[in-house]
Amino acid sequence: MRVSSVLRCAACAAWLLLAACAGVKYTDQPLTSVDLTEPGAPAELVSRVLAQAGDWRNSGVLVKQGVAYAITASGRWRAWPGCNWTDADGLGMYTPLCLDLGGSILRGWTHQAVIARIGEQGAPFAVGRSLRLTAPEDGALYFHINEQARGTWDNEGYMDVGVSLAAAPAPAPAQAPAPDQRAKKTAGSAAAQ
């Protein structure tokens, strides 16, 4: 009995060691998505996006077409030890040892910018440190680092990305009505007579 317990523990330890070497995978992918417009929904949902993970991160938020959302990202990451640490905009990452060699998912943004998509097949769009998004369609909101999955193995760090309903824009201050130009002309012509 004791020998079999020791063997089971050794097998379990070996499995855990192999699993740890297999790379970073998200284990807390939500099975259901939260609609922030529903009564009782949390004010904000925060997802951690790992720089090293090659998978798109399901945020757990179900966006609704026409609804405005505020997305903010904070943290730090880098592409590999030759690059500078950067924030969710990915600015300032390049050094003489860290060059832009292409291979990003979304062209025009650095490899280290936070990007998103709606649904599993949606077109990627830039988020950076913050974005106000009016959802063009319904679907789950996914996040990723702006780098192809095959290029993330040497990345370090993470971003915490929060999604909430965007506050309605403040109403414009009321302006005094413009004076009636016709009344001025009438008063001016009466004075001339």
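**Ile105 and the strands in this model**

Ile105 sits in the loop that links strand 3 (68-78) to strand 4 (114-118); helices (H or I, at least four residues) and strands (E, at least two) are DSSP runs, numbered from the N terminus. Keep in mind that this is a predicted model, where local features need pLDDT of at least 70, side-chain atom pairs count only at pLDDT 80 or more, and totals for chains, interfaces and linings use all residues. Residues are numbered from 1 along each chain as its sequence is written, and side-chain values use heavy atoms, with hydrogens and water left out.

**Around Ile105**
- Ile105 is partly exposed, with a relative accessible area of 23% (buried is under 20%, exposed over 50%, partly exposed in between, with a 1.4 Å probe and protein chains only).
- Beyond its neighbours within four places in sequence, Ile105 is in contact (heavy atoms within 4.5 Å) with residues including Trp56, Ile115, Pro124 and His144.

- An open sheet is built from 4 strands in the order 1-8-3-6, with antiparallel pairing (two strands pair if DSSP finds at least two bridges between them).
- Strand 1 (44-50) and strand 6 (130-134) are the edges, each pairing on one side only.
- Strand 1 pairs with strand 8 (residues 156-165) over 7 bridges, and Val49 has Met159 in strand 8 as its bridge partner.

**Strands 2 and 7**
- Strand 2 (residues 57-63) is mostly covered, with 6 of its 7 residues buried.
- Strand 2 pairs with strand 7 (residues 139-145) in the antiparallel sense over 4 bridges, and Leu62 stands opposite Ala140 in strand 7.
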